[in-house]
Amino acid sequence: LTFAAAFVTLATVNGTTNTDTSGPVDAGRRKRKKQHTRDELIRHAKALFAERGFAHTTTEQIAEAADVSQRTFFRHFASKEAVLYGDQAELRALVRSAFNSRPPSEPVLAAVTEAILAVADSFERNRELTLLQATLAANDVSVSTYSRAVVQAEWEHDLIELVSGRMNVDPATHPVPEILAGAAMSALRVAMRRWHTAGGVESLPDLVRESLTAIASLADMASS
């Protein structure tokens, strides 16, 4: 070994060299760049779906509009359906946060109601995207299937986990968490369908609250 090579080798053994020049600043920059690319893909996908329709828009066109490669598109989203519902992670986090912010002494149905209403409020703030998602789900089989099998299934799974944790029961042996989560998602679907059928002009949170209130009224039907 030359003197220089021997020095580098010794330094490496002693742990005094660091070939990783990245730091918190670089990591933060990469994270922001990744989020920017994701946001641009969602933005351009939304515009193309609205302009051309879901079936007539390709992932290649979305990537081109966002000025990235198709390979980059698939690093962020697995499909066109996934980019249409690109806000899914944020909404799931919102459900968890809203539920966990409720007092432990509150009836679990009330906590679920407030968690779903938090999502409805978000839908209302992002009315254009929500209406697009609802319209495409109503008219395209693949979008409808994805909405049920992935989006709503993930929310229902989260609600089962949250409810069973609040009740301190095992959802595999106790029926209430899964039944309540399923009922809440059914209430949300009914409200969304009514809202979309009316052209999105009514208050979505009000429709969701009305549908969720119907869950509690089911118990009264059993005794009437």
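How many salt bridges does the count come to? The count comes to 9 salt bridges. The notes below work from a predicted model.

1. **Overall make-up.** The chain has 11 helices and 0 strands. Read along the sequence, the pattern is α-α-α-α-α-α-α-α-α-α-α. Of its 224 residues, 36% count as buried. The chain exposes about 13100 Å². Carbon and sulfur atoms supply 56% of that area.

2. **Arginine 92 and glutamate 154.** Side chains of opposite charge can pair when their charged atoms come close. Here arginine 92 forms a salt bridge with glutamate 154. The closest N and O atoms are 3.5 Å apart. The bridge links distant parts of the chain: arginine 92 sits in helix α6 and glutamate 154 in helix α9, 62 residues apart. Arginine 92 is partly exposed, at a relative accessible area of 26%. Glutamate 154 is also partly exposed, with a relative accessible area of 26%.

3. **Arginine 96 and aspartate 158.** These two side chains meet in a salt bridge at 3.3 Å, N to O. Aspartate 158 lies in helix α9 and arginine 96 in helix α6, so the pair ties together parts that are 62 residues apart in sequence. Is aspartate 158 buried or exposed? Aspartate 158 has a relative accessible area of 1%, so it counts as buried. Arginine 96 is partly exposed, with a relative accessible area of 27%.

4. **Arginine 96 and glutamate 161.** Arginine 96 also meets glutamate 161 in a salt bridge, at 2.6 Å from N to O. Glutamate 161 lies in helix α9 and arginine 96 in helix α6, so this pair ties together parts that are 65 residues apart in sequence. Glutamate 161 has 40% relative accessibility, so it counts as partly exposed.

5. **The network.** Which residues are linked in a network of salt bridges? They are Arg92, Arg96, Glu154, Asp158 and Glu161.

6. **Aromatic pairs: tyrosine 85 and tyrosine 146.** A pair of aromatic rings is described by the distance of the centres and the angle of the planes. The structure holds 5 aromatic pairs. One of them joins tyrosine 85 and tyrosine 146. Their centres lie 5.9 Å apart with 25° between the planes, and the pair is stacked. Tyrosine 85 lies in the loop between α5 (80-84) and α6 (88-100), and tyrosine 146 in helix α9 (residues 141-167), so the pair ties together parts that are 61 residues apart in sequence. Tyrosine 85 has a relative accessible area of 9%, so it is buried.

7. **Phenylalanine 123 and tryptophan 155.** The ring centres are 6.1 Å apart and the planes stand at 35°, so this pair is tilted. Phenylalanine 123 belongs to helix α7 (residues 108-125) and tryptophan 155 to helix α9, 32 residues apart; the pair links distant parts of the chain. Both residues are buried.

8. **Other ring features.** Ring pairs link Phe73, Phe74 and Phe77 into a cluster. Separately, lysine 80 lies over the face of phenylalanine 54, at 4.3 Å from the ring centre.

9. **Where to look.** Start with helix α9. Residues there include tyrosine 146 of the stacked pair, tryptophan 155 of the tilted pair, and glutamate 154, which bridges to arginine 92.

Key. Residues numbered from 1 in each chain as written. Predicted model: local features only at pLDDT ≥ 70, side-chain atom pairs only at ≥ 80, totals over all residues. Heavy atoms only, no water. Phe/Tyr/Trp six-rings, centres within 6.5 Å; stacked < 30°, edge-to-face > 60°. Helix = DSSP H or I, 4+ residues; strand = E, 2+ residues; numbered from the N terminus. Buried < 20%, exposed > 50% of the residue type's maximum accessible area, 1.4 Å probe, protein only. Lys NZ or Arg CZ within 6 Å of the ring centre and 35° of its normal. Areas by Shrake-Rupley, 256 points an atom, 1.4 Å probe, with all protein chains shown as cover. Salt bridge = Lys/Arg side-chain N within 4 Å of Asp/Glu carboxyl O.
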